[in-house]
Amino acid sequence: MSNTIFTKIINREIPADIVYEDDRALAFKDINPQAPTHILVIPKKPIPQIAAAEEADQDLLGYLLLIVKQVATEAGLDSGYRVVINNGPDAGQTVDHLHLHIIGGRSLQWPPG
């Protein structure tokens with residue numbers, strides 16, 4: 001996998017507004033928020049997209065959802081939030097590093113787009 005902008009954030013080569021970090025995951029505020037709260041949760045393991053995840057990644061993928069829950073709670077999203085994973089360019093994925101969007105802080109519409 002190439003050295004993406006998210007890899008550079010993990011390695012502290014570029015700054016980010018980090019709201020959570022441990023040895024497996026990192027969460028930071030999106031620089032182009034689509035809602036009042038828009039946070040990205042990424043694995044530190046380089047997985048380009050959800051379609052590239054393997055059976056060995058099962059525990060990590062579940063762990064990321066638990067981090068989403070924790071970060072959303074800490075962000076005060078008690079009335080609800082959306083979790084989005086874009087897979088590939090047709091879905092709007094612009095960085096080839098798996099990332100989960102936490103979007104909230106306002107009423108969200110369905111379908112999303």
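Me: How many helices and strands does the secondary structure of the chain come to?
Reply: This is a predicted model, where local features need pLDDT of at least 70, side-chain atom pairs count only at pLDDT 80 or more, and totals for chains, interfaces and linings use all residues. Residues are numbered from 1 along each chain as its sequence is written, and side-chain values use heavy atoms, with hydrogens and water left out. Helices (H or I, at least four residues) and strands (E, at least two) are DSSP runs, numbered from the N terminus. Along the sequence they follow the pattern α-β-β-β-α-β-β, and the count is 2 helices and 5 strands.

Me: What is the radius of gyration of the chain, next to what the globule rule gives?
Reply: The radius is taken over C-alpha atoms, and the rule is 2.2 Å times the number of residues to the power 0.38. For 113 residues the rule gives 13 Å, and the chain comes close to that, so it is as compact as a globular protein of that length. The radius of gyration is 14 Å.

Me: Which residues is Val71 in contact with, leaving aside its neighbours within four places in sequence?
Reply: Contact means heavy atoms within 4.5 Å. Val71 is one of the residues with the most contacts inside the largest core. Its partners beyond those neighbours are Val19, Tyr20, Ala27, Ile39 and Ile102.

Me: How many salt bridges does a search of the whole structure find?
Reply: A salt bridge is a side-chain nitrogen of Lys or Arg within 4 Å of a carboxyl oxygen of Asp or Glu. One of them joins Arg12 and Glu21 at 2.4 Å, N to O. The whole search gives 4.

Me: How many residues apart in sequence are the parts that Asp17 and Lys29 tie together?
Reply: The side chains of Asp17 and Lys29 meet in a salt bridge of 3.7 Å, N to O. Asp17 sits in the loop between helix H1 (5–10) and strand S1 (18–21), while Lys29 belongs to strand S2 (residues 25–29), so the pair ties together parts whose separation is 12 residues.

Me: Which residues are linked with Glu21 in a network of salt bridges?
Reply: Lys44 and Glu21 meet in a salt bridge of 2.7 Å, N to O. That pair links distant parts of the chain, with Lys44 in the loop between strand S3 (37–43) and helix H2 (58–74) and Glu21 in strand S1, 23 residues apart. Glu21 also bridges to Arg12. The residues networked with Glu21 are Arg12 and Lys44.

Methods. Core = buried A, V, L, I, M, F, W, Y, C linked by side-chain atoms within 4.5 Å. Buried < 20%, exposed > 50% of the residue type's maximum accessible area, 1.4 Å probe, protein only.
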